[in-house]
Amino acid sequence: MNDFPKFVEFREEGPREGFQIEKKIYPIEERIELIDMLSETGLKRIQVGSFVSPKYVPQMADTGELFQRIKRKPGVNYTSLWLNDKGFRKALTAHEVDIDPRLLFYPSEAFAQSNNNCSSAEMREKQRDWVRLYKEEGYTVDAAYVMTAFGCNFEGPIPQERILDDFRFILQLCEEENIPVPILVVADTMGWGNPEAVKRMIGALREMAPEARIGMHIHDTRGLGIANLHAALSMGVDMFESSVAGLGGCPFAGHGHARAAGNVCTEDAVFLCHELGIETGIDLDKLIAAANKAEEIIGVPLMGRVMHTGGLDKYRKAS
C-alpha cells in the first residue's frame, strides 16, 4: 500500500552540484541566466553555489559574485553549501545568502577523507560544534545528512545499521542541545540504492523517529534515480534534492563517468509527481526551458528525459 504525500518539495541543486563536477569553468553570465530561469519555475529553494576551497573546487570560486548578480524572486531561498566553519563564515558575510544550516555525516571513512579531509568520527564530533555555532548566529539546523547511505565507490556496501547509527546520533544530539529534530536526509551520494533498499531504510528510519520529516538526496548514477524516488514517495517522503537536466555529482566520489553521476533529474521527478497526482507548485514547462538552457550551456546532451520530450498535456489536449 502506497502512502504518497499530497505535496512534495523539490530543492534545486543544479547550479551548485551540476557545475562543480565539470572540468570546464563556465561563464558566470550563463550560470546567472540559468539560476534566474529556475527562479521563475515555482522552485522555492535553489542552491546557487558553495563556499569551499577554490584550490580543490575552482568551479565554485565565484560563488560570492553569483550571489551579488542573480535576480532574486520573492519567496525563493537562494542557498549555498559549506563543509567547514570557514565556509559557513564566508556564507554569512556574502551578499544575501539564505542560510540553511545543515549537519553532515559520513558512514564511509574513505569518503570522509576524500570529501572533508577528516575521519568519520572527527566529522561526527564536529557536528556538535556546528550546532553551537549555528545557535550563536541565531540559526536552527534545517537538515541533517547521512551520506553514502546505500554504498560507497571506495568502501563497497554500507550496512544499514551504520547509517541508522548516525541518525541515532543526530537524534541524541538534538536532545542534548535542546533543538528541534531537523529534516533527516538519506543521501545516496554514489548511486548505490535500489527501490527495495530505499523502502527498508525509510521504514527503519520511521520506526526510529516517527515524527521526523524525512528527505532524500538521490543520484541517478546507475539509472535507478526515478525508481528510488518513487519508492521513497510510496513511503511518504516529501522532500527531495534534485538537479535540473540531471546535472551533478560529487567530484570526490570516485565516479567512473561524470556525465552519469548526476542527481535525480528535477523535471523528470516533477513530471512523475504530477502524473501521480502529487502537487509540487512547479511549472513543468518553465522547468523544461531551464533544463534546455542547462544543456545549451554545457554543450552536450544531458541526461534528462522530459526535457527532450515534453510532458503529456499537449497530447491530452489534442485528443
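**Close-up views of a predicted model**

**View 1. Strands β8 and β9 pair side by side in this predicted model.** The pairing of β8 with strand β9, residues 214-218, is parallel and runs over five bridges, and one of these positions is Val185, whose bridge partner in β9 is Gly215. Between the two strands the chain passes through helix α8, residues 195-208, and the β-α-β crossover formed in this way is right-handed.

**View 2. Strand β8 is also joined to strand β5.** Here β5, which spans residues 143-146, runs parallel to β8 and is connected to it by four bridges; for Ala144, the bridge partner in β8 is Leu184. Strand β8 covers residues 183-188, and because six of its six residues are buried, the strand is largely enclosed by the rest of the structure. Ile183, Val185 and Ala187 point one way from the strand, while Leu184, Val186 and Asp188 point the other way, and residues of both sets are buried.

**View 3. Arg11 is a buried residue of strand β1.** With a relative accessible area of 5%, Arg11 falls under the 20% limit and is therefore counted as buried. The side chain of Arg11 makes a polar contact of 2.9 Å with the side chain of Glu9. Leaving aside residues up to four places away in sequence, Arg11 touches Arg45, Asp142, Ile183, Met239, Phe240, Glu241 and Ser242; of these, Ile183 belongs to the set of β8 residues that point one way from that strand.

**View 4. Helix α10 is mostly covered.** This helix runs over residues 266-275, and seven of its 10 residues are buried, namely Thr266, Glu267, Asp268, Ala269, Val270, Leu272 and Cys273. The elements against which these buried residues pack are strands β1 (9-12) and β10 (239-242), together with helices α9 (225-234), α11 (284-298) and α12 (306-309). Just after the helix, Gly277 adopts a positive phi of about 80°.

**View 5. Met303 sits in the loop that lies between α11 and α12.** Both of these helices are among the elements that pack against the buried residues of α10. Met303 has a relative accessible area of 45%, and is therefore classed as partly exposed, the range between 20% and 50%. Computed along the chain in residues, the separation of Met303 from Glu175 is 128, and in space the two are 42 Å apart, C-alpha to C-alpha.

Conventions. Residues are numbered from 1 along each chain as its sequence is written. This is a predicted model: local features need pLDDT of at least 70, side-chain atom pairs count only at pLDDT 80 or more; totals for chains, interfaces and linings use all residues. Side-chain values use heavy atoms; hydrogens and water are left out. Buried means under 20% relative accessible area, exposed over 50%, partly exposed in between (1.4 Å probe, protein chains only). Contact means heavy atoms within 4.5 Å. Two strands pair if DSSP finds at least two bridges between them. A crossover is right-handed if, with the strands pointing away from the viewer, the path from the first strand over the helix to the second runs clockwise. A polar contact is a pair of N or O atoms within 3.5 Å; within protein, one must be able to donate a hydrogen and the other to accept it, and residues adjacent in sequence count only if both atoms are side-chain atoms.
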